[in-house]
Amino acid sequence: NWINTNSRQRVATYTSLAPGNYTLKVIAKNRANVWSKPPLAIKVTVHPKYFQTWWFRILGLAVCVYLLFQFIKWRVRKLAEKEHLKNEMLLTTERAEMMTELVDKKNQLLADVSHELRTPLTVLQLKVEALQHNLVKDVDASYDSLIVKIGDINTLINDIYQLSQSDIGALQLDIKSYDSREIINQWANELSDIVEVKGFEWRQRIILPKPVNVIFDGDKIKQVLNNLIANSIAYTDTPGVIRLLARISKTHLEIKIEDSSPGVSNDNLPKLFERLFRIESSRSRATGGSGLGLAICKSIVVAHHGEIISSRSKLGGLAIVIKLPLQAKSKGE
């Protein structure tokens, strides 16, 4: 728009003009009110300030982006340090709890082992003293009893050693390939003789429609089955039933050992594989044993990357299922 001025104030002011090229037009009139034509045109160039240049704006944007990046980086680092500190504190707490729990378990294990050793050692001491002072009439029977007690102590020591090897990952496995049908039938025949001699009824069901090779340590798996059978014999009322079931799935060999009454309560089922655990009612200390048999079974099965599960049997007693992978796994798996 035109800016009108009088003869005394011949000034026009333009402020805040953006950088660029402009044309200032001026027109005037004389005393006779006649306007000059054409208007006077003056070319004007407004140069940008340094902060109005494109390179300054790019530089400013780059600085802002850099500062924002540094802030985000600092914030992320602080959050990572905070999370790391939190995780370290949590890990330290967990390690402390684990160490405390481990020490408690080791102390309890030592106390239980000491108790287990003290009983046969006391019997040995009494029998030796009786023999020493000629207080025993049947010397041969006393010697036989001494041999049995020494065997019990030796078994307990071997069990503890095997568990200690498992704890440190030093349990040695002699992995071989076996024909599943042949090895299971062989074991079933051997176990049936042991069970029937003890006065129990033996039943078996082996579902192996075709030969499948299985890969494991045969001696160790046989030890597991022997322990399970010994456990059933020790804790099953006579006359009772002990049954073996075996089958092959797509990925595992499954073997179940179950027996008739008495059974195990649901509360005690998860504790059966704990070391030196015994149920004080029907499955009591009176049956003997070290209390480490099922713990050894679990350590062997776990070393084979398998699974061992306890449940109540339809026969009225306990059922133990072991699942062994058909293919041996590498150590890192």
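This is a predicted model: local features need pLDDT of at least 70, side-chain atom pairs count only at pLDDT 80 or more; totals for chains, interfaces and linings use all residues.

Author: Two residues are in contact when they have heavy atoms within 4.5 Å of each other. Residues are numbered from 1 along each chain as its sequence is written, and side-chain values use heavy atoms, with hydrogens and water left out.

I begin with E254, which lies in strand β7 (residues 252–260); helices (H or I, at least four residues) and strands (E, at least two) are DSSP runs, numbered from the N terminus. Not counting residues up to four places away in sequence, E254 touches L245, A246, R247, S249, I322 and K323. E254 has a relative accessible area of 15% and is therefore buried (under 20% is buried, over 50% exposed and anything in between partly exposed, with a 1.4 Å probe and protein chains only).

V44 counts as partly exposed because its relative accessibility is 33%. With neighbours within four places in sequence left aside, V44 is in contact with G20, N21, Y22 and L24. Y22 is 22 residues from V44 along the chain, and the C-alpha atoms of these two are separated by 5.0 Å.

Turning to helices, the axes of α4 (residues 218–235) and α5 (residues 293–303) come within 9 Å and cross at roughly 150°. Axes are lines fitted to C-alpha atoms, for helices over the stretch in contact, and angles run from 0 to 180 degrees between N-to-C directions. The crossing angle therefore makes α4 roughly antiparallel to α5 (over 145 degrees; under 35 is roughly parallel, 65 to 115 roughly perpendicular and the rest oblique). From α4, K220, I221, Q223, V224, N227, L228 and N231 meet G293, L294, I296, C297, I300 and V301 of α5. These contact residues divide into 8 nonpolar, 4 polar and 1 charged, where Ala, Val, Leu, Ile, Met, Phe, Trp, Tyr, Cys and Pro are nonpolar, Asp, Glu, Lys and Arg charged, and the others, Gly among them, polar.

As context, the chain holds 5 helices and 9 strands, and 26% of its 333 residues count as buried. Among contacts with a separation of 6 or more, 66% join residues 24 or more positions apart.
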